[in-house]
Amino acid sequence: MSNYERPLSPHLQIYRWQYSNAFSILNRLTGLFLTVGTVLLVYWLAAAAQGPVSYASAVILFSHPLTQVALFLWLLSFSFHTLNGVRHLVWDTGHGLERRAARTSGWLVFALSIVVSVLIWLLALTRFSSRVEMGGLV
Amino acid sequence: MSLRSPLGKVLGLGAAKEGASHWWTQRVTSVGLLLLTPWLLISLLVLGDLSYDSVVAWIGAPLNTTLLSLLLVVWVYHAQLGVQVVVEDYVAHEGAKLLLILAVNFLLIALGVLGVFSVLRIAFTTAGLN
């Protein structure tokens, strides 16, 4: 189509960061990260579908410290994106759009997403505590 | 009653070409995910045991097979809708934009199909019978 070298209006590089645009961009960033994580979910299911040997390999991958860090980051993203998504749905009904309400709900969502993530992570740690339990390797 | 002029509609004017149904579908998939993702999370936590036998038996139960399949479809759909707007918003080069949109769509659809296929394969080949 048209490839004229027109100057484009800079946005991310110029506009001042405030809670409003920061949370909005964070919603997009977390959404992208969550999408990447879909690969891990499908990998887990595909490994289970292939059989116990493939599943054992999947367990090894998931148990790796780096994977665990990634999973926690993914959980953080999931919590924020979900809670902020609810905030968006509330906005769609027309409520909470005033400045004060939006600021409060934004920071509430941010704080809650961290709390919820930590809670779920701790819960998961206690539930899935032993490696034997996770992989039936022994 | 649409505010778009017939010519504008036909020429697909505007950055995203069309958007109202996208907006609605994004909301519907959001609500679907709000229902299905807690279900998956809670189910796995309650299951407690993520060993092969346990997981496969759980997936094979008809209700779980159904909800898991639905979750995958809704998940992939929601992701596609979201990622596509991001590409449309930030990729200026029309050629790159088109390629990226195709790639994202194809990859996500492939992931969705692989996921649902895996779930169904487990359901059809394991004894989820009591």
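Visitor: Let's start with A:Ala58: which helix is its place in?

Guide: A:Ala58 sits in helix H2 of chain A, residues 52-63. Helices here are DSSP runs of H or I with at least four residues, strands are E runs of at least two, and both are numbered from the N terminus. Before we go on: this is a predicted model, where local features need pLDDT of at least 70, side-chain atom pairs count only at pLDDT 80 or more, and totals for chains, interfaces and linings use all residues. Residues are numbered from 1 along each chain as its sequence is written, chains are lettered from A and ligands numbered from 1 in the order in which they are written, and side-chain values use heavy atoms, leaving out hydrogens and water.

Visitor: Why is A:Ala58 called buried?

Guide: Buried means under 20% relative accessible area, exposed means over 50%, and partly exposed is in between (1.4 Å probe, protein chains only). A:Ala58 has 2%, so it counts as buried.

Visitor: What is A:Ala58 in contact with, leaving aside its neighbours within four places in sequence?

Guide: On that basis, A:Ala58 is in contact with A:Tyr43 and A:Ala47. Contact means heavy atoms within 4.5 Å. A:Pro7, 51 residues from A:Ala58 in sequence, is 48 Å away, C-alpha to C-alpha.

Visitor: What makes B:Asp89 and A:Arg28 a salt bridge?

Guide: The rule asks for a side-chain nitrogen of Lys or Arg within 4 Å of a carboxyl oxygen of Asp or Glu. For B:Asp89 and A:Arg28 the N to O distance is 2.6 Å, and they form a salt bridge. B:Asp89 lies in helix H4 of chain B (residues 62-90) and A:Arg28 in helix H1 of chain A (residues 19-50), so the pair joins two chains. B:Asp89 is partly exposed at 46%, and A:Arg28 is partly exposed at 26%.

Visitor: How many salt bridges are there between chain A and chain B?

Guide: The count is 2. Besides the pair above, B:Arg27 and A:Asp92 meet at 2.5 Å, N to O. B:Arg27 lies in helix H2 of chain B (residues 20-47) and A:Asp92 in helix H3 of chain A, so that pair joins two chains as well. At 19%, B:Arg27 counts as buried, while A:Asp92, at 32%, counts as partly exposed.

Visitor: And what is the count over all chains?

Guide: It comes to 3. B:Lys97 and B:Glu94 form one of them, with the closest N and O atoms 3.4 Å apart. They are 3 residues apart in helix H5 of chain B (residues 94-125), which means about one helical turn between them. B:Lys97 is buried at 12%, whereas B:Glu94 is partly exposed at 27%.

Visitor: How much area is buried between chain A and chain B?

Guide: About 3,300 Å², with carbon and sulfur atoms giving 74% of it. Buried area is the accessible area (1.4 Å probe) that two parts lose on being put together, summed over both. A:Arg28, A:Leu45 and A:Phe128 supply 17% of what chain A buries against chain B, more than any other three residues. The contact takes 37 residues from chain A and 40 residues from chain B.

Visitor: Why is the aromatic pair of A:Phe72 and A:Trp121 called edge-to-face?

Guide: Rings of Phe, Tyr and Trp (its six-membered ring) pair if their centres lie within 6.5 Å; planes under 30 degrees apart are stacked, over 60 edge-to-face, and the rest tilted. A:Phe72 and A:Trp121 have 5.4 Å centre to centre and 70° between the planes, and that makes the pair edge-to-face. A:Phe72 lies in helix H3 of chain A (residues 65-92) and A:Trp121 in helix H4, so the pair ties together parts that are 49 residues apart in sequence. Over all chains, the rule gives 12 aromatic pairs. Ring pairs also link A:Tyr19, A:Phe23, A:Phe80, A:Trp107 and A:Phe110 into a cluster.
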